[in-house]
Amino acid sequence: MASVQIRDVRKAFGPVEVLHGVSIDIEDGEFVILVGPSGCGKSTLLRMIAGLEGISGGEILIGERVVNHVPPKERDIAMVFQNYALYPHMTVGENMGFSLKLRGAPREEFDSRVKVAAEILGLTNLLDRYPRQLSGGQRQRVAMGRAIVRDPQVFLFDEPLSNLDAKLRVAMRTEIKALHQRLTSTTVYVTHDQIEAMTMADKIVVMHDGIVEQIGDPLGLYDRPDNLFVAGFIGSPAMNMLRGRIEANGKLSFVSDGGIRLPLDDAPAAAHGRPVVYGIRPEHLVLADDGAEATVTVIEPTGSEIQVVADMGGTEIIAVFRERHAFRPGERIKVAPQPGHTHLFDAETGNRL
């Protein structure tokens, strides 16, 4: 296995620059997920690591070697695509071992490596089947097996679960994470699904409009987002955001543009009186007699919890309760943020205060 270093990498298609100086350090054996909305540049960056896209500026190193001009086949990487890319006329075993066949590997090595990969992925009984005889999840495992057989320095995954149904995506997330823990392989994984990123990654890279917004471990990004974009993107349901100002008349508090007053743990003195954004995650709102008033608009029971959409001073908020409250649309409730769980951002720059 090997580390991957991305140093001030840029990518332009003609006059349009899509990556603006991206720098990321990926340690040997680390599972790193590039996450962000469509068009943020994450798949382009993955293809540049693989050698499928040229580099307009900067350097990419795999191990100690700069690979900017190294052909894909010489980078010692294996890529798992969104569409599986299996050969329909080949059996599962032939698909998995095709790279070995191209290298002219002896039959003993071919059989041995395919057997080991099949055992890891639970495909031993399917080696003689063709792709058309497999389910979506089985085809994805075959694509992963093809990558394992190559025994590369780096695994690259490009949204591999997006074609699967919801239940199968959850199962495959677990399989891929368990596979990484077993192989201790350096893995770079691209997805637009922040739930995948939170549940699978050792380290998350949040991208937006061709730049890196924040890098960190999943809970670190969730608990202390650097800016409004990360705060709104990481977490489901998303963080509640209220715009307003800080008042320090005796006791520090936040007053929204709609006149809602909420408690504030702390704030820089320079931010007093300036436009700010007050953030609170849905699960950190609790019912309280002295809380701020909100009007229930929608109730969404999920089984383990209830999500309540409400209007608070003209701003839509979401509160999540584990208890089974019998709320009704139009009902007025009072909610308050749990101490120590509020977030404050500069309204102009979007940066955390």
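Biologist: Are Glu30 and Lys203 buried or exposed?

Modeller: Glu30 is buried, and Lys203 is buried too. Buried means under 20% relative accessible area, exposed means over 50%, and partly exposed lies in between (1.4 Å probe, protein chains only). Keep in mind that this is a predicted model, where local features need pLDDT of at least 70 and side-chain atom pairs need 80 or more, while totals for chains, interfaces and linings use all residues. Residues are numbered from 1 along each chain as its sequence is written, and side-chain values use heavy atoms, with hydrogens and water left out.

Biologist: What makes Glu30 and Lys203 a salt bridge?

Modeller: Distance. The rule asks for a side-chain nitrogen of Lys or Arg within 4 Å of a carboxyl oxygen of Asp or Glu. In this pair the closest N and O atoms are 3.3 Å apart, so Glu30 and Lys203 pass. The two sit in distant parts of the chain, 173 residues apart. Glu30 is in the loop between β2 (16-26) and β3 (31-35), and Lys203 is in strand β9 (residues 203-208). Helices (H or I, at least four residues) and strands (E, at least two) are DSSP runs, numbered from the N terminus.

Biologist: How many salt bridges does this rule give?

Modeller: The count comes to 15. Asp8, Arg10 and Glu17 are even linked in a network of them.

Biologist: Why is Glu109 called partly exposed?

Modeller: Its relative accessibility is 25%. An α-helix has 3.6 residues a turn, so residues three or four places apart point the same way.

Biologist: What makes Arg322 exposed?

Modeller: Arg322 has 59% relative accessibility, which is over 50%, so it counts as exposed. Glu305 reaches 21%, so it is partly exposed.

Biologist: How do you know that Glu305 forms a salt bridge with Arg322?

Modeller: Their closest N and O atoms are 3.9 Å apart, which is within 4 Å, so the pair counts. They are 17 residues apart. Glu305 lies in the loop between β15 (285-301) and β16 (306-312), and Arg322 in the loop between β17 (315-321) and β18 (332-337).

Biologist: Why is α4 called oblique to α5?

Modeller: Two packed helices are described by the angle between their axes and the distance between the axes. Here the angle is about 135°, and the axes are 9 Å apart. Axes are lines fitted to C-alpha atoms, for helices over the stretch in contact, and angles run from 0 to 180 degrees between N-to-C directions. Under 35 degrees is roughly parallel, over 145 roughly antiparallel, 65 to 115 roughly perpendicular, and the rest oblique. About 135° falls in the rest, so α4 is oblique to α5.

Biologist: Which residues of α4 and α5 meet?

Modeller: Arg113, Val114, Ala117 and Leu121 from α4 meet Arg141, Met144, Gly145, Ile148, Val149 and Arg150 from α5.

Biologist: Which residues touch the most other members of the largest nonpolar core?

Modeller: Ile33, Met96, Met144, Ile176 and Tyr189 do, in a core of 42 residues. Helix α5 (residues 136-150) gives the largest share, six residues. A nonpolar core is a set of buried Ala, Val, Leu, Ile, Met, Phe, Trp, Tyr and Cys residues joined through side-chain atoms within 4.5 Å. A second, separate core has 28 residues, including Ile26 and Met48.

Biologist: What makes Gly350 buried?

Modeller: Its relative accessible area is 9%, under 20%, so Gly350 is buried. It lies in the segment after β19 (342-346). Gly350 touches Asp226, Asn227, Leu228 and Phe345, leaving out residues up to four places away in sequence. Contact means heavy atoms within 4.5 Å.

Biologist: What makes helix α1 mostly covered?

Modeller: Seven of the nine residues in α1 (residues 42-50) are buried. Among them are Leu45, Leu46 and Ile49. Gly51 follows α1, with a positive phi near 90°.
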